[in-house]
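Look at the structure first, then read on.

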Amino acid sequence: MPVSVQEGPVQVVLRLELRERVEKIEALVPTIEQSAAGLADAYRLRLQKRIAELLNRGGQVVELDPARLAQEVAYLADRSDVSEEMVRLRSHLSQFQEAIDSQSESGKMLDFLLQELNREANTTLSKSTDLAIKEAALAIKAEVEKLREQVQNVE
């Protein structure tokens with residue numbers, strides 16, 4: 001039988017467990033944001049290096065158009081921008097904390113928010129090739145799964 005998060009010592013422990021997992025997720029968000037901040041420069045350097053390697057193979061001398069290179073870097077950076085996902089993730093985490101503290105039945109709301117957290121982590125994973133971002137997003141997904149297991153005990 002499901003129990004309310006607000007009643008009895010077992011529920012206090014459950015609430016603490018949920019908060020700890022939310023804090024772990026919150027601690028991963030800056031890692032993603034910091035790694036994402038340098039992606040445009042990394043793309044530019046990688047693209048320049050790759051183009052140089054391709055040109056050296058053929059023995060051809062070809063001028064690179066700096067404007068075209070900047071356009072390609074901007075395109076890659078835009079496709080991998082996860083700032084919106086991080087804003088939504090933070091919002092969902094805040095709402096999750098509020099639902100934990102709610103005096104009303106919050107199980108369905110918590111379950112919905114977990115679905116949204118998982119969606120943001122998945123989108124972050126699909127947008128980035130950066131290892132640090134992927135590791136952090138996978139860790140978020142793991143914490144969301146642990147939260148989902150615990151939320152099954154909440155009305």
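## Two helices side by side

Helices α5 and α6 are roughly antiparallel to each other, because their axes cross at roughly 165° and angles over 145 degrees count as roughly antiparallel. The axes, which are lines fitted to C-alpha atoms over the stretch in contact, come within 9 Å. Helices here are DSSP runs (H or I) of at least four residues, numbered from the N terminus.

Contact means heavy atoms within 4.5 Å. Among the residues of α5 that meet α6 are Leu 110, Leu 114, Ala 121 and Thr 124, and the α6 side includes Ile 133, Ala 137 and Val 144.

The model is predicted; local features need pLDDT of at least 70 and side-chain atom pairs 80 or more, while totals for chains, interfaces and linings use all residues. Residues are numbered from 1 along each chain, and side-chain values use heavy atoms, without hydrogens and water.

## Two residues of α5

Both Glu 120 and Thr 124 lie in helix α5.

## Confidence

The pLDDT is the predictor's confidence in each residue, from 0 to 100. The protein chain averages 85. Over residues 1–6 the pLDDT is below 50. Where pLDDT is low, the predicted coordinates should not be read in detail.

Technical notes:
Axes are lines fitted to C-alpha atoms, for helices over the stretch in contact, and angles run from 0 to 180 degrees between N-to-C directions. Angles under 35 degrees count as roughly parallel, over 145 as roughly antiparallel, 65 to 115 as roughly perpendicular and the rest as oblique.
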